[in-house]
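Please read them with the structure open.

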Amino acid sequence: MSQVKSSSLGYPRIGENREWKKALEAFWSGKLAEAAFLKQLETIRLNHLQLQKQAGIDLIPVNDFSYYDHILDTAAMFGVVPERFGYTGGPVSVTTYYAMARGNKTASASEMTKWFNTNYHYIVPELKGITPALTENRPLIAYREAKEKLGIEGKPVIVGPYTFLKLSKGYAASELAAVAAQYVPLYAQVLRELEQEGVQWVQMDEPSLVTDVSEADLAIVQSIYAQLHEAAPKLNLLLQTYFESVQHYAAIAALPVQGLGLDFTAGAEKNLQQLESIGFPQDKVLGAGVIDGRNIWRADLQERKALLARIAKVVPNDRLIVSSSCSLLHVPVSAALETALPAELAGALAYANEKLEEIAVLATALNEGEAAVKEAFDRNAAALAALAASPSRGRASVHAAVASIDAQPSERKAVFAERQVSQKERWQLPFLPTTTIGSFPQTAEVRQARQQWRRGDLGEEQYRVFIKEQIQHWIKLQEEIGLDVLVHGEFERTDMVEFFGEKLEGFAFTKNGWVQSYGSRCVKPPVIYGDVQFSKPMTVEETVYAQSLTSKPVKGMLTGPITILNWSFVRSDLTREQVAYQIALALAEEVKALEEAGIEMIQVDEPALREGLPLKREDWEHYLNWAVLSFRLSTSDVKDTTQIHTHMCYCEFHDIIDSIRALDADVISIETSRSHGELIHSFEEHTYELGIGLGVYDIHSPRVPEVEEMTSMIKRALNVLEPELFWINPDCGLKTRGVDETVASLRNMIQATEQVREQLAK
């Protein structure tokens with residue numbers, strides 16, 4: 001390399017207009033034949049490669065495109081298919097691939113959990129009982145496609161063996177070396193074939209190296225990469241880390257690879273300190289991840305250029321690659337369509353396409369001098385200055401409230417044991433009360449009505465009548481099914497975060513800011529660009545109307561401050577802690593409004609609390625302290641009889657069981673079905689004395705669970721949890737499910753509950 005190169009670590013799959021999502025859902029529904037479906041995905045994939053080429057990116061990623069999830073792709077490549085799917089070897093069929101992700105009529109889906117500390121979900125490989133084999137060399141296929149059809153010398157992207165195995169299940173921690181011995185030869189074969197093909201660079205993603213890596217694991221990593229180098233000694237391997245500073249920097253930098261990629265946005269301070277104090281091998285290339293792949297703000301190009309100049313004192317330009325900090329999977333595709341936003345905000349946005357431009361501009365500035373890109377630098381500076389001067393960032397009352405956060409109510413007036421007595425008398429619920437998490441199916445009719453309303457084709461009053469009709473229908477249906485605590489169904493809400501952001505000050509909403517959450521599920525995160533402030537009640541009208549239709553309690557449904565924070569694109573001029581407190585104080589006003597309106601069961605969901613946990617354990621305590629405080633600021637200033645619920649899903653809860661307890665919620669609902677009841681093990685080891693509902697069936701699968709499945713899970717949970725505190729519910733909201741399967745599943749859930757009630761009454 002004679003000059004600085006530019007690189008992207010991955011590109012969003014979904015397409016500028018979510019073409020990918022639409023193709024998947026058309027195929028799943030039977031509207032698109034498999035051959036036509038595969039052709040559509042090929043077209044999308046090639047368009048993405050061509051776009052990156054036109055942006056001036058030198059090292060363009062291939063094999064980052066997926067039919068669902070990149071970890072699932074890796075599992076399929078190695079034949080890691082659980083026995084229940086009837087796989088007999090060879091390339092994994094499209095049908096089997098999607099069955100693993102979504103389940104089918106006879107087999108439950110594989111577990112799904114969060115990708116490190118992001119809101120992206122991956123499918124967890126199940127290694128137990130599997131003898132892996134290379135079914136097809138997917139990176140090689142992707143490389144050939146790009147070269148033959150577009151003339152692009154692609155950079156194959158592969159999930160590294162250490163990360164793949166650390167994110168898998170089905171073996172004991174002490175067995176990692178033995179399991180690695182099964183998979184490393186397969187990785188070696190993949191790399192050997194890439195080397196023989198003439199591939200120049202391979203990006204081996206190892207984000208697990210930024211977590212707490214033990215000395216024993218480090219030795220395994222060293223062994224893995226020694227074997228891979230021996231298998232393909234002439235192949236340029238870029239060991240790519242991201243999301244934090246790399247653990248064991250000196251040892252990782254000494255591995256027999258040709259390049260090391262570091263994140264200089266998240267973990268930047270530690271990575272830079274290690275780079276400067278320890279140095280960098282003279283025979284390696286450094287991938288400098290200086291453009292934030294996880295947020296949507298334009299980079300300060302002058303500041304980034306200065307950072308690169310500092311890096312260049314250790315690693316000269318001829319061994320430097322300017323890149324995104326991680327895959328651009330986590331940001332929307334193009335900001336070009338955001339024409340309805342305030343000018344100072346629109347000008348400060350950088351989605352994936354704009355980030356590619358920033359990477360190319362920085363590379364050009366280093367290679368040719370800043371004068372060659374002066375216009376781009378000037379536009380950048382003006383855009384950042386305009387955002388900083390926005391009046392939305394100067395709400396003095398908000399800053400004053402946060403400055404005096406210790407004076408705000410953050411503890412319930414009575415301890416849980418006392419509240420429990422008051423609430424039991426107030427609510428008179430049956431043993432093992434049943435409820436749902438909040439949302440009901442957003443049918444085509446619901447989505448169409450919302451679109452018509454947003455376009456102005458449906459008047460405000462007509463839309464309100466429509467929403468009330470939906471609420472009335474589902475309240476009646478819940479009563480018929482036999483649920484004990486009801487919900488209004490959230491038919492007026494597009495998204496559990498977007499809905500609240502639209503009604504709070506300090507938020508903005510994009511037209512095209514879609515990102516993938518899991519599978520074809522895309523979300524459009526709000527943008528927190530100003531000071532957050534309560535304006536007027538957000539949920540009272542619909543909840544009070546629902547309560548007027550029934551004598552059973554109806555829960556008020558809110559999204560908690562940490563989830564709103566973690567599922568939004570957050571301003572970068574304040575700490576995340578400060579922004580969380582702003583949101584918490586605004587939500588406290590909504591909780592008061594619900595209680596004053598007679599709604600005294602209020603669920604404040606925090607599914608993203610665990611997701612925001614720092615990747616290094618040494619940083620956990622600080623985050624958990626302010627996250628718990630934020631929740632309590634939202635929920636503590638209520639009567640003893642007001643029952644506060646919360647909900648979490650799809651993450652490793654045993655890590656934070658003490659913090660979950662510290663939330664002091666009267667009832668917490670937690671997923672346990674997708675992980676096949678494994679979460680219950682946490683409660684077999686830890687006492688939990690507050691109310692708890694363990695989700696007894698997986699709402700992300702279209703299959704209707706059998707009664708016996710749920711009774712078995714309930715009984716196991718009751719062996720370790722206090723029966724008087726136990727609730728029965730699905731594991732998450734039902735927004736994405738069909739009506740028939742939802743009703744059938746809830747009927748089975750009620751039947752399972754009644755069976756257990758009868759058995760325990762004998």
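The points below cover the annotated site, the cysteines and the salt bridges.

1. Basis. This is a predicted model, in which local features need pLDDT of at least 70, side-chain atom pairs count only at pLDDT 80 or more, and totals for chains, interfaces and linings use all residues. Residues are numbered from 1 along each chain as its sequence is written, and side-chain values use heavy atoms, without hydrogens and water.

2. Annotated site. An unreviewed UniProt entry marks His700 as "active site"; such annotations may be inferred rather than shown by experiment. His700 sits in the loop between β20 (691-695) and α26 (707-718). Helices (H or I, at least four residues) and strands (E, at least two) are DSSP runs, numbered from the N terminus. His700 counts as buried because its relative accessibility is 12%. Buried means under 20% relative accessible area, exposed over 50%, partly exposed in between (1.4 Å probe, protein chains only).

3. Cysteines. A disulfide is a pair of cysteine sulfur atoms within 2.5 Å. The count is zero. For Cys326, the nearest cysteine sulfur is that of Cys522, 17 Å away. Cys326 is buried, at 1% relative accessible area.

4. Salt bridges. There are 45, each a side-chain nitrogen of Lys or Arg within 4 Å of a carboxyl oxygen of Asp or Glu. Arg138 pairs with Asp73, closest N and O atoms 3.8 Å apart. This pair links helix α5 (residues 138-150) to helix α3 (residues 70-77), across 65 residues. Arg138 is buried at 19%, and Asp73 is buried at 9%.

5. Within one helix. Lys374 and Asp378 form a salt bridge, 2.7 Å from N to O. They are four residues apart in helix α14 (residues 374-388), so about one helical turn separates them.
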